[in-house]
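Trainee: I have just opened this entry and would like a guided tour. Could we go through it together?
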Amino acid sequence: MPRMLRHGSSVGADLPPDEAVTVGSVTDPALRAALAAAAAGDAGPARDLLAETRLGAQWERRSGCVSALAERALHNPGWLEGWLAAAPEDPDATLVKADLCIQQAWEIRTGHRASHVSEDQFRAFFTLLEDALPVIAAATELGPTDPVPWQVALTHARGIQAPREVFDAYWAEAVARSPHHYGCHATALQYLCAKWYGSHEEMFAFAERAADTALPGSKLNALPLLAAVEYEVVSDDSTQGGPIPEARVAAAIARAQELSAWYEPGDPDAAGFRNHLALMLILGERWAEALDTFRAIGVHAREFPWAYVGDSRKEFLEFRLGVRMQVASRTPFFSKPPQSPPTTSAALPVPAPRSLAIAAAPPHQVAEAALMCGVSLRIAPAPAGASYVELVPDPSPGRRAALAGGEELLTAAADNFTTAEKWPALVLRRTADRYSFTLFHKGKVRATHLWDPAAPVVDHAQAAATAQAVAGVFPITDLRPLITLLRGGNDPARRQAELVAVLGLPPVPDGFGERDEILGDLPEARLLARRGVLKGIRDTMSTDLGTPSLHVPRPRRWWTLRIVALVILVPAAVYGWLSPDIGWYRTLVPTAASLFYAVQLRKAWARRR
């Protein structure tokens with residue numbers, strides 16, 4: 001524990017902040033534009049993008065684009081139906097439709113094990129897969145050189161429980177068109193794993209053959225790592241003394257580490273296998289290497305493998321924090337923790353996350369509640385007796401700030417300063433074109449939501465549950481406007497601003513999301529400087545809560561206690577000085593206490609006036 005406290009603030013301090021981490025973020029600008037347009041009912045950008053990938057034989061990129069667009073059509077089908085109606089023989093639209101059919105079937109089945117899927121779900125699942133077969137066949141005919149329809153066919157074969165000869169036929173067609181297509185190999189690996197229709201040995205042999213024939217830098221070198229995660233994490237079989245020797249698992253990890261070196265830190269193309277690599281290094285208690293892998297991942301968390309153990313984003317952040325603490329606890333107390341080597345990477349820049357809290361309480365109440373947060377805050381008065389709160393960057397953050405888990409520092413601070421308070425706080429966040437909020441009340445998260453133009457639309461049930469949670473804090477009688485705001489992904493800035501208005505909170509200040517420290521321009525804003533635990537306790541007895549000072553009106557009890565103390569202490573001090581039987585050193589105590597309380601009362605009265 002002492003080592004953890006000593007080094008916890010510096011180990012991993014170069015990692016991206018929690019609020020910048022996203023799961024499955026779309027980094028292709030053309031795909032983001034296509035997804036946003038599709039949500040608005042326009043298929044044009046999607047049509048142009050897929051035509052570009054087909055004509056340019058960009059099969060890996062095409063595979064990801066088709067999957068993302070099919071997922072968008074799962075919740076917004078109108079644009080794809082219009083596209084197919086206008087061009088029924090379009091190879092790109094037909095391919096998206098084929099992938100959509102597969103996703104619709106799996107949406108009903110869910111990703112749970114068979115024992116947790118009902119008979120009705122299975123019946124609907126197989127019916128939809130049967131209906132998908134002619135659409136997949138049409139996609140393969142319209143794209144004779146395209147391997148992506150065969151990737152969809154391989155997924156279909158796994159779901160429909162196709163015999164091995166069917167799988168082998170589909171696999172032969174796929175590799176004939178693109179022998180090193182990573183998407184087809186990863187899909188085939190699932191069919192061959194023990195939980196489906198193969199075995200651990202067959203899965204590893206397939207992955208190792210593909211990696212042995214792959215070019216240096218090809219993601220096929222990560223296939224053995226995916227097999228290792230399937231074997232060590234997903235499989236129900238005990239891996240102690242299992243059929244796969246530990247040396248093969250170790251070799252898969254080593255091969256993935258070599259592959260990771262081919263990619264720049266923060267490269268989204270490498271994020272898939274790097275997330276798997278981080279988990280495997282953690283399982284092997286190779287903490288320093290896991291920390292370096294998290295550095296290489298940057299902000300690009302992925303759904304898997306973290307979904308195998310819980311909520312993807314939450315698990316990613318908690319595992320990352322755990323690795324930091326493990327490295328800190330293993331660093332000698334008087335030594336410096338190992339630092340990552342400097343890099344001149346050309347990785348994609350991380351958009352600056354910005355956050356702002358709106359508290360439904362006046363600034364002095366927020367300041368008094370926030371004394372023990374362990375971070376520096378700027379607090380400004382807002383209309384209707386509310387307050388704006390923002391985080392003030394600290395060049396040397398305290399250990400409590402560095403060790404804070406959860407979303408990010410302002411969110412952690414809101415969690416802290418709303419505890420035991422009757423008033424709520426709404427934390428708003430903006431990162432590039434992604435907007436979100438978290439609602440705190442009495443130190444608990446009541447609701448959270450993310451608007452992302454490239455993400456699937458939130459279903460009605462989830463939006464209604466979030467709206468109901470918000471209505472439990474704010475007096476909202478009609479939930480329909482709030483549900484409408486939550487269910488859209490387009491124009492997130494407008495939706496976030498309208499949410500604030502619906503809740504009856506003050507409007508978002510100008511400049512939020514565009515620059516840092518927007519409250520610094522407000523003349524009445526005050527800084528609440530970070531305090532240690534002891535100083536925070538001491539300052540709860542003081543009237544100086546900031547630099548410059550932030551006046552806090554003192555409650556009636558505060559005045560009563562000090563006046564009563566003076567009534568008792570002043571006569572005691574006078575009696576002590578006038579009585580020859582009492583020594584001066586015994587008289588000094590009530591005298592000093594009387595002066596202390598008198599000065600406090602005088603300062604508080606002057607501020608009150």
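Mentor: Let us begin with a cluster: Trp-106, Phe-122, Phe-125, Phe-126, Phe-167, Tyr-191, Trp-196 and Tyr-197 are joined by ring pairs. Please keep in mind that this is a predicted model.

Trainee: How many aromatic pairs does the structure hold?
Mentor: The structure holds 20 aromatic pairs. One of them is formed by Phe-125 and Phe-126, with ring centres 5.3 Å apart and planes at 55 degrees, so this pair is tilted.

Trainee: Is Phe-125 buried or exposed?
Mentor: Phe-125 counts as buried, because its relative accessibility is 1%. Phe-126, in turn, has a relative accessible area of 24% and is therefore partly exposed.

Trainee: What about the rings of Phe-167 and Tyr-191?
Mentor: Their centres lie 4.1 Å apart and their planes are at 5 degrees, so Phe-167 and Tyr-191 are a stacked pair. This pair links distant parts of the chain: Phe-167 belongs to helix 9 (residues 164–177) and Tyr-191 to helix 10 (residues 182–192), 24 residues apart. Phe-167 and Tyr-191 are both buried.

Trainee: Let us change topic. How many salt bridges are there?
Mentor: The count comes to 20 salt bridges. As background, side chains of opposite charge can pair when their charged atoms come close.

Trainee: Which residue forms a salt bridge with Glu-52?
Mentor: The partner of Glu-52 is Arg-61, and their closest N and O atoms are 3.2 Å apart. Glu-52 has a relative accessible area of 40%, so this residue is partly exposed. Arg-61 is partly exposed as well, at 27%.

Trainee: And what do Glu-289 and Arg-286 do?
Mentor: Their side chains meet in a salt bridge, at 2.9 Å from N to O. Glu-289 is partly exposed at 31% relative accessibility, and Arg-286 is partly exposed with a relative accessible area of 28%.

Trainee: Where do Arg-378 and Glu-390 lie?
Mentor: The side chains of Arg-378 and Glu-390 meet in a salt bridge of 2.9 Å, N to O. Arg-378 is in strand 4 (residues 377–382) and Glu-390 is in strand 5 (residues 386–391), so the pair ties together parts that are twelve residues apart in sequence.

Trainee: Why does Arg-378 count as buried?
Mentor: Buried means under 20% relative accessible area. Arg-378 has 15% relative accessibility, so this residue counts as buried. Glu-390 also counts as buried, at 3% relative accessibility.

Trainee: Which residues are linked in a network of salt bridges?
Mentor: Arg-54, Arg-62, Asp-92 and Asp-146 are linked in such a network.

Trainee: Now to the surface. Which residues gather in a patch of positive charge?
Mentor: That surface patch brings together Lys-422, Lys-442, Lys-444 and Arg-446.

Trainee: Where is the place of Lys-444, and is Lys-444 buried or exposed?
Mentor: Lys-444 is found in strand 8, which covers residues 444–451. With 52% relative accessibility, Lys-444 counts as exposed, since exposed means over 50% relative accessible area.

Trainee: One last topic: which residues make the nonpolar surface patch?
Mentor: Ile-563, Val-564, Val-567 and Ile-568 make this patch, with an area of about 370 Å². Ile-563 sits in helix 24 (residues 556–578). At 45% relative accessibility, Ile-563 counts as partly exposed.

Terms used:
Residues are numbered from 1 along each chain as its sequence is written. This is a predicted model: local features need pLDDT of at least 70, side-chain atom pairs count only at pLDDT 80 or more; totals for chains, interfaces and linings use all residues. Side-chain values use heavy atoms; hydrogens and water are left out. Patches are made of residues with over 30% relative accessible area and no salt bridge: like charges are joined within 9 Å, nonpolar side chains (Val, Leu, Ile, Met, Phe, Trp, Tyr) within 5 Å. Accessible areas come from the Shrake-Rupley method with a 1.4 Å probe; for residues, only the protein chains shown count as cover. A salt bridge is a side-chain nitrogen of Lys or Arg within 4 Å of a carboxyl oxygen of Asp or Glu. Lys and Arg count as positive and Asp and Glu as negative; His and the chain ends are not counted. The place of a charge is taken as NZ of Lys, CZ of Arg, CG of Asp or CD of Glu. Helices (H or I, at least four residues) and strands (E, at least two) are DSSP runs, numbered from the N terminus. Buried means under 20% relative accessible area, exposed over 50%, partly exposed in between (1.4 Å probe, protein chains only). Rings of Phe, Tyr and Trp (its six-membered ring) pair if their centres lie within 6.5 Å; planes under 30 degrees apart count as stacked, over 60 as edge-to-face and the rest as tilted.
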